[in-house]
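Subject: Structure for you to look at

Hello,

Here is the structure I said I would pass on. Please open it next to this email and follow the residue numbers as you read.

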Amino acid sequence: MAALTLEKRGHTALITMSNPPANTWTKASLQQLKQLVLELEQDKSIYALVITGEGDKFFSAGADLKLFADGDKAVASDMARVFGDAFETLSRFRGVSIAAINGYAMGGGLEVALACDIRIAEQQAQMALPEAKVGLLPCAGGTQNLAWLVGEGWAKRMILCGERLKADTAMRIGLVEEVVPTGQALDAALALAEKVGEQSPSAITACKHLIQQGRSGTMQGALPLERELFVALFDTKDQVEGVQAFLQKRQPRWVNG
């Protein structure tokens, strides 16, 4: 059985982590995630990506610690690289990525959610980056993405103090954008993804690039780029279609180009 399954629903791609009992990551599944995202990147009919976990207990428990039991640095180096490649590829996805957190999201399980644009958690979900408890650290973007989302103080509480958060606290500090009843994360994520289909895919890609630009650049550098990308959209068919559809009071027919 594949560790990840892919289903396309209209303009949305649904990726389900399917490695029971805890949907842990393996080298193969990480490589599969990277390949799936790259393939979806080329599919112009896909505007949004939703990722969730199979079952009703785990979103993902992260890496299987048995991989690191013998202290092999070569294995550690290889897995760190594969984790980074997979989640950075997800973060760069041109469309909107949404994590439907349907249970425990621990370690690399939370890091894949952090690599997404938006996170929706069920009320019973719990989230943590507990790597330091076993002498390790989050190596797939966790230290950077978490601090960027929730601030240095809460990132230090979770990573340095090993604090596990429930969904309501996660929402209060900005780790997740929405909390829904048990069993409803996927439906909520798919509904949000459907709203993405109402937007110009070309504009979404440009907007996402600008928003994430702030992580590595400055506002002074991003503002001229914002104007540059605004003008560049006039080279796309979507810009003409969007304005014409609005003026003609009809739904736009996007071509993602």
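This is a predicted model: local features need pLDDT of at least 70, side-chain atom pairs count only at pLDDT 80 or more; totals for chains, interfaces and linings use all residues.

Pockets

The largest pocket has a volume of about 500 Å³. Its lining is made up of 24 residues. To find the middle of this pocket, look for Ala63, Leu65, Phe68, Glu131 and Leu136, which lie nearest its centre. Two elements give two or more residues to this lining: helix 2 (73–91) and helix 3 (108–114). Helix 2 gives the most, with four residues. Sorted by class, the lining of the largest pocket has 16 nonpolar, four polar and four charged residues.

The second largest pocket has a volume of about 350 Å³, and 18 residues line it. Nearest its centre are Asp117, Ile118, Lys208, Ile211 and Gln212. At least two lining residues come from each of strand 7 (118–122), helix 4 (142–150), helix 7 (185–196) and helix 8 (201–213). Which helix gives the most to this lining? Helix 8 does, with five residues. The class count for the lining of the second largest pocket is eleven nonpolar, two polar and five charged.

Helix packing

Start with helix 1 (residues 27–42) and helix 2, which pack at an angle of about 25° with their axes 9 Å apart. Angles under 35 degrees count as roughly parallel, so helix 1 is roughly parallel to helix 2. The crossing of this pair is left-handed. On the helix 1 side, the residues in contact are Lys27, Leu30, Gln31, Leu33, Lys34, Val37 and Leu38. They meet Asp78, Met79, Val82, Phe83, Asp85, Ala86, Phe87, Thr89 and Leu90 of helix 2. By class, this contact has ten nonpolar, two polar and four charged residues. Helix 2 is also the helix that gives the most to the lining of the largest pocket, so you will meet helix 2 in both places.

Next, look at helix 4 and helix 5 (residues 152–160). The axes of these two helices come within 7 Å and cross at roughly 135°. Helix 4 and helix 5 are therefore oblique to each other. Their crossing is right-handed. Helix 4 makes the contact through Gly142, Thr143, Leu146, Ala147 and Val150, and helix 5 through Glu152, Trp154, Ala155, Met158 and Ile159. In this contact there are seven nonpolar, two polar and one charged residues.

The last pair is helix 8 and helix 9 (residues 219–232), packed at an angle of about 175° with their axes 10 Å apart. Angles over 145 degrees count as roughly antiparallel, which makes helix 8 roughly antiparallel to helix 9. Ala206, His209, Leu210 and Gln213 of helix 8 meet Ala222, Leu225, Glu226 and Leu229 of helix 9. The classes in this contact are five nonpolar, two polar and one charged. Helix 8 is the helix already named for giving the most to the lining of the second largest pocket.

Backbone details

Two residues in the loop between strand 2 (12–17) and helix 1 deserve a look. What form does the peptide bond from proline 20 to proline 21 take? That bond is cis, with omega near 10°. Proline 21 is in the loop between strand 2 and helix 1. Asparagine 23 is found in that loop too. Although asparagine 23 is not a glycine, it has a positive phi of about 55°.

Regards

Technical notes:
Residues are numbered from 1 along each chain as its sequence is written. Side-chain values use heavy atoms; hydrogens and water are left out. On a 1 Å grid over the protein atoms alone, a cavity is a set of points where a 1.4 Å probe fits but cannot get out, and a pocket is an open set with protein on both sides within 12 Å along at least five of seven lines; lining residues have an atom within 4 Å of a point. Grid points are joined across faces, edges and corners, and a volume is the space filled by probe spheres set on the points. Ala, Val, Leu, Ile, Met, Phe, Trp, Tyr, Cys and Pro count as nonpolar, Asp, Glu, Lys and Arg as charged, and the others, Gly among them, as polar. Axes are lines fitted to C-alpha atoms, for helices over the stretch in contact, and angles run from 0 to 180 degrees between N-to-C directions. Angles under 35 degrees count as roughly parallel, over 145 as roughly antiparallel, 65 to 115 as roughly perpendicular and the rest as oblique. A crossing is left-handed if the near helix is turned anticlockwise from the far one by less than a right angle, and right-handed if clockwise. Contact means heavy atoms within 4.5 Å.
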